[in-house]
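Morning, everyone. Let me put the structure up, and then we'll go through the rings and the sheet.

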Amino acid sequence: MSASNCAKAWLIIRERGLPKREVILSPDRQWTIGRQLDCRILLKDIYVLRLHAVINAFLFKGQPLYFISDYHSRNGTFLNGLPIEHITLLHHEDVIGVGTTLIVFYYPDMFKEISLDEHPELSKRSTGSLPWVGSGFDSHRV
């Protein structure tokens with residue numbers, strides 16, 4: 001599967017006092033989240049640090065998977081209400097919390113190209129804050 005025809009993933013950002021917005025995630029980028037002007041996902045939330053969190057895409061069996069990590073923020077980054085302590089695999093409809101902002105990750109075709117029977121280390125459930133350490137992981141960033 002080439003990068004141009006990869007399954008679509010996106011974020012819906014709900015920042016207090018602002019209209020919700022959508023960000024399309026392409027499989028060949030890194031998305032920094034914060035108040036710093038050069039962040040790809042720029043937030044106005046005063047409880048978000050200048051560089052708060054990072055989302056990276058990696059290819060696994062030809063399909064991009066998206067991982068989030070906290071960038072040593074003072075207030076922490078939360079996934080489905082739990083603090084992120086390690087790089088963590090995002091799943092369809094996961095809710096990311098940074099400051100008072102909520103970001104929902106959408107990737108309905110996440111496991112369309114990957115057989116869960118062949119790769120039981122992947123699951124359709126969120127990993128919470130546990131690190132993802134599956135075998136056969138291709139760490140080459142797209």
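How many aromatic pairs does the count come to? Six, by this rule: rings of Phe, Tyr and Trp (its six-membered ring) pair if their centres lie within 6.5 Å, with planes under 30 degrees apart counted as stacked, over 60 as edge-to-face and the rest as tilted.

A word on sources. This is a predicted model, where local features need pLDDT of at least 70, side-chain atom pairs count only at pLDDT 80 or more, and totals for chains, interfaces and linings use all residues. Residues are numbered from 1 along each chain as its sequence is written, and side-chain values use heavy atoms, leaving out hydrogens and water.

Now the pairs. Trp 31 and Tyr 66 have ring centres 6.0 Å apart and planes at 50 degrees, so they are tilted. Trp 31 is in strand 3 and Tyr 66 in strand 6, 35 residues apart; strands here are DSSP runs (E, at least two residues), numbered from the N terminus. Trp 31 is buried at 4% relative accessible area; buried means under 20%, with a 1.4 Å probe and protein chains only. Tyr 66 is buried too, at 0%.

Next, Tyr 66 and Tyr 107. Their centres are 5.4 Å apart and their planes at 75 degrees, so this pair is edge-to-face. Tyr 107 sits in the segment after strand 11, 41 residues from Tyr 66. Trp 31, Tyr 66, Phe 105 and Tyr 107 form one aromatic cluster.

Six strands form an open, antiparallel sheet, ordered 2-1-11-10-7-8; two strands pair if DSSP finds at least two bridges between them. Strands 2 and 8 are the edges, each pairing on one side only. Two bridges join strand 7 to strand 8, and Phe 78 has Pro 83 as its bridge partner.

Key:
Helices (H or I, at least four residues) and strands (E, at least two) are DSSP runs, numbered from the N terminus. Buried means under 20% relative accessible area, exposed over 50%, partly exposed in between (1.4 Å probe, protein chains only).
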